Amino acid sequence: MVLCFMFIPTLGFSNSSDVFHKIEKDLDSVIIKDLTNKKLIFSKDENQILAPASLTKIMTATLAIESGKMNSIVTITAEMKKVEPTIANFQVGEKFYLRDLVHAALIKSANDAANAIAIYLGKGNKQLFVNMMNIKARKLGMRNTNFTNPCGFDMGNHKTTAKDLLTLAEYAIKNSTFNSIVKLDKYAFSAINTNRRYVVSSSNKLLRYDPYVVGVKTGYTNKAGACLIARAKKGNQDILMVMLNANNRWPNAKKALDTILH
């Protein structure tokens, strides 16, 4: 596979090119866009087919938000709990508002929450929900994406590209409910019928240490490696970045954003 990158030197930093060239060595794919000017800042292998890990949950959550059922009540079943960690560890029979499951899926990346969303909105049929994910992906123009599950597990032909994920993220952040969730570092809620309290915390270190970061989602599996979609806003700047299979994810993401934001 031929490696390629694009750099548009319009940032006003003499060392911008050096910074991005160093970062690209640590990851398989990256794409960074200035949303204000609708211009691509930098990319490397943005069309390379890769595993998205829990970045998948952006699609899962988007479908939930758009379902119009965020205030509906979901009863946890044994099937909903049949997922690997990371989990919120809901108990069978507990009842939650769909909106709380969406928070848990996006903030903690809880697989039981994402699985519950899929089974509930699929009316008991998770595959039906997965079909909805793929239909939505095609409508958005995500031509190199195929989802096989709502969580991001490396199952079957579960694949996407950085460019497709940028398309998904650009669409998702147009929704104010989505934005209000992904900027949270922590969220607390309780089961409706048991009052058992849950607190979910984000694994996105940028939310805690970078005042300009307003989301969006982290991901990791053995196959996908460390993944990140980050959005940062400063003044009239609005930057969206996708990093796939990224070593040194946090320092490199911080370097990239610091280089761009001025």
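**The lining of the pocket**

A: Six nonpolar, 11 polar and five charged residues make up the lining of the largest pocket (nonpolar: Ala, Val, Leu, Ile, Met, Phe, Trp, Tyr, Cys and Pro; charged: Asp, Glu, Lys and Arg; polar: the others, Gly among them). The model is predicted: local features need pLDDT of at least 70 and side-chain atom pairs 80 or more, while totals for chains, interfaces and linings use all residues. Residues are numbered from 1 along each chain as its sequence is written, and side-chain values use heavy atoms, without hydrogens and water.

The pocket (an open set of 1 Å grid points with protein on both sides within 12 Å along at least five of seven lines) holds about 350 Å³ of space. Its lining numbers 22 residues (an atom within 4 Å of a point), and those nearest the centre are Ser54, Pro85, Thr86, Ser109 and Tyr220. At least two lining residues come from each of β8 and α9 (249-260) (DSSP runs: helices H or I, at least four residues; strands E, at least two). The largest share, four residues, belongs to β8.

The strand β8 also gives the largest share, three residues, to the lining of the largest cavity (points where a 1.4 Å probe fits but cannot get out). This is the one cavity of 30 Å³ or more found in the whole structure, with about 60 Å³ of space. Its lining has seven nonpolar, four polar and one charged residues. Among them are Leu106, Ile107, Ile181, Val182, Val216, Lys217 and Thr218. Two or more lining residues come from each of α3 (98-108), α7 (176-182) and β8 (213-221).

Key
Grid points are joined across faces, edges and corners, and a volume is the space filled by probe spheres set on the points.
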